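Biologist: I'm new to this one. Can you put it up and walk me through it?

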Amino acid sequence: MSDLQDRIQRRLDTLVGTGAETGVQVAVYQDGALIVDAAAGPADPGTGRPLTSRTPIFSFSTGKNLAATLAHMLVARGFLGYDSLVRDHWPEFGVRGKATTTLRHVLTHTTGLPAMPREITPAELPDWSRVCGALAAAEPRWRPGAAMGYHAYTFGHLVGELARRTTGRPMRELLREWITAPLGIEGQLFFAAPLESLPGLARLEQRAEQWPAVQGDGDAILAPWESGPRADFGNDDAILRADIPSVGSATAHGLAAMFDALLRGELVGSAQFEELSAPAYEGVDQVFGTPTRMALGFPIGRIGAPAAENSVAFGWPGGGGSYAYADPARGVAFALTKTRLVPNFDTALSVTTILSDHLARMT
């Protein structure tokens with residue numbers, strides 16, 4: 001552990017020391033062994049409270065890794081199948097062209113509901129019934145399964161309402177009972193952080209000069225609040241305490257531990273793992289206009305991986321620069337969380353380059 005741990009710790013210390021970052025966590029598992037568990041900087045620059053590797057950080061779409069994993073556990077435990085019709089469990093949803101929508105469509109972001117209905121704003125997000133009612137009544141932008149478009153916030157509520165309808169439990173409880181408690185990582189992964197945990201969470205920050213100006217675009221699919229992460233959103237107690245399963249508070253260690261358990265067959269069986277990690281959709285993302293390759297619930301390919309690697313890693317990055325993935329080819333689970341929101345993944349790329357170099361030297 002020492003060489004790689006030292007190299008990554010030095011990198012984080014340099015990033016914080018030069019002012020490029022404020023607080024950063026990195027964790028890496030390989031074949032069940034924790035080989036990196038590093039942190040640097042303050043959790044709250046205002047008080048100087050230190051960031052440890054067990055301090056949860058609101059990390060935007062890295063939370064989708066948790067929601068997708070819970071969806072696979074719903075299948076593993078017999079509550080759903082990948083081709084289960086959503087309407088069979090959520091009858092109100094099967095209207096306005098959505099009757100053929102399946103869990104597979106939800107996981108591949110092909111339901112045709114990439115954006116929240118416009119009447120839903122951040123103020124309404126904590127109202128689970130209102131959000132799900134609006135989604136059930138919405139008309140899809142395309143026939144389910146016909147195209148893919150990043151479901152920035154709708155993804156978590158679609159998975160979460162299926163979970164609630166089939167188990168009777170909200171996602172925050174399933175996350176605790178199915179993942180964090182069994183893996184011994186309680187207090188490290190939250191959809192709805194308990195009131196008593198709020199003082200221990202990290203505080204996000206954002207420098208306006210680092211972000212491009214947001215232009216009004218009436219043709220944009222996502223509302224501005226859906227497409228761009230904001231520190232005030234991730235520091236809002238009402239948001240932190242709400243079940244919003246497309247986003248969440250997490251430690252890098254908790255995310256990596258979950259992906260390690262998934263890789264090693266602790267959360268789903270081997271046959272199901274092969275299915276969930278295989279290519280399930282390939283095309284152009286209708287939201288961003290970029291090529292996309294999806295497994296069930298995750299994008300395929302490590303950010304920054306050279307083409308020759310033909311990366312089979314899967315996992316979601318988060319707006320602002322966080323990132324978590326599982327790499328079945330290398331037996332590696334990686335996560336990086338950070339307190340400063342930036343419009344790039346430079347820090348994640350610099351750390352994964354160190355990791356890749358280490359792995360190459362070990363083979």
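Modeller: We'll go through strands, aromatic rings, the nonpolar cores and one arginine. Keep in mind that this is a predicted model.

Biologist: Start with strand E13. Is it mostly covered or exposed?
Modeller: Mostly covered. E13 spans residues 332-338, and seven of its seven residues are buried.

Biologist: Which residues point which way from it?
Modeller: Val332, Phe334, Leu336 and Lys338 point one way. Ala333, Ala335 and Thr337 point the other way. All of them are buried, Lys338 included.

Biologist: What are the strands joined to E13?
Modeller: Strand E1, residues 24-30, is joined to E13 by seven bridges, and the two run antiparallel. There, Gln25 stands opposite Thr337. Strand E12, residues 322-327, is also antiparallel to E13, with five bridges. On that side Tyr325 stands opposite Phe334.

Biologist: How many residues sit between E12 and E13?
Modeller: Four, and the two strands form a hairpin. Gly331 is in the turn and has a positive phi of about 65°.

Biologist: Okay, Arg340. Where is it?
Modeller: In strand E14, residues 340-341.

Biologist: What does its side chain contact?
Modeller: The side chain of Thr22, in a polar contact at 3.0 Å. Leaving out residues up to four places away in sequence, Arg340 also touches others, including Glu21, Glu205, Arg207 and Gly320.

Biologist: Switching to rings. How many aromatic pairs are there?
Modeller: The count comes to 16. Take Phe79 and Trp178: their ring centres are 6.0 Å apart and their planes are at 25°, so this pair is stacked.

Biologist: Where do those two sit in the chain?
Modeller: In distant parts, 99 residues apart. Phe79 is in the loop between helix H2 and helix H3, while Trp178 is in helix H7, residues 171-183.

Biologist: And how covered are they?
Modeller: Phe79 has 31% relative accessibility, so it counts as partly exposed. Trp178 is at 9%, so it counts as buried.

Biologist: What sits over the ring of Trp178?
Modeller: The charged end of Arg77, 4.3 Å from the ring centre. Elsewhere, Lys98 lies over the face of Phe93, at 4.9 Å from the ring centre.

Biologist: Which residues form an aromatic cluster?
Modeller: Phe58, Phe60, Tyr153, Trp225 and Phe233 form one.

Biologist: Last topic, the nonpolar core. Which residues touch the most other members?
Modeller: Leu70, Tyr153, Ile179, Leu189 and Phe259, out of the 95 residues in the largest core. Helix H11, residues 252-263, gives the most to this core, with nine residues.

Biologist: What does Phe259 touch?
Modeller: Beyond residues up to four places away in sequence, its contacts include Asn65, Phe298, Phe314, Tyr325 and Ala333.

Biologist: Which residues are in the other core?
Modeller: That one lies apart and has 22 residues, among them Leu15, Val24, Phe334 and Leu355.

Terms used: Residues numbered from 1 in each chain as written. Predicted model: local features only at pLDDT ≥ 70, side-chain atom pairs only at ≥ 80, totals over all residues. Heavy atoms only, no water. Polar contact = N/O pair within 3.5 Å; in protein donor to acceptor, adjacent residues only side chain to side chain. Contact = heavy atoms within 4.5 Å. Buried < 20%, exposed > 50% of the residue type's maximum accessible area, 1.4 Å probe, protein only. Pairing = 2+ DSSP bridges. Phe/Tyr/Trp six-rings, centres within 6.5 Å; stacked < 30°, edge-to-face > 60°. Lys NZ or Arg CZ within 6 Å of the ring centre and 35° of its normal. Core = buried A, V, L, I, M, F, W, Y, C linked by side-chain atoms within 4.5 Å.
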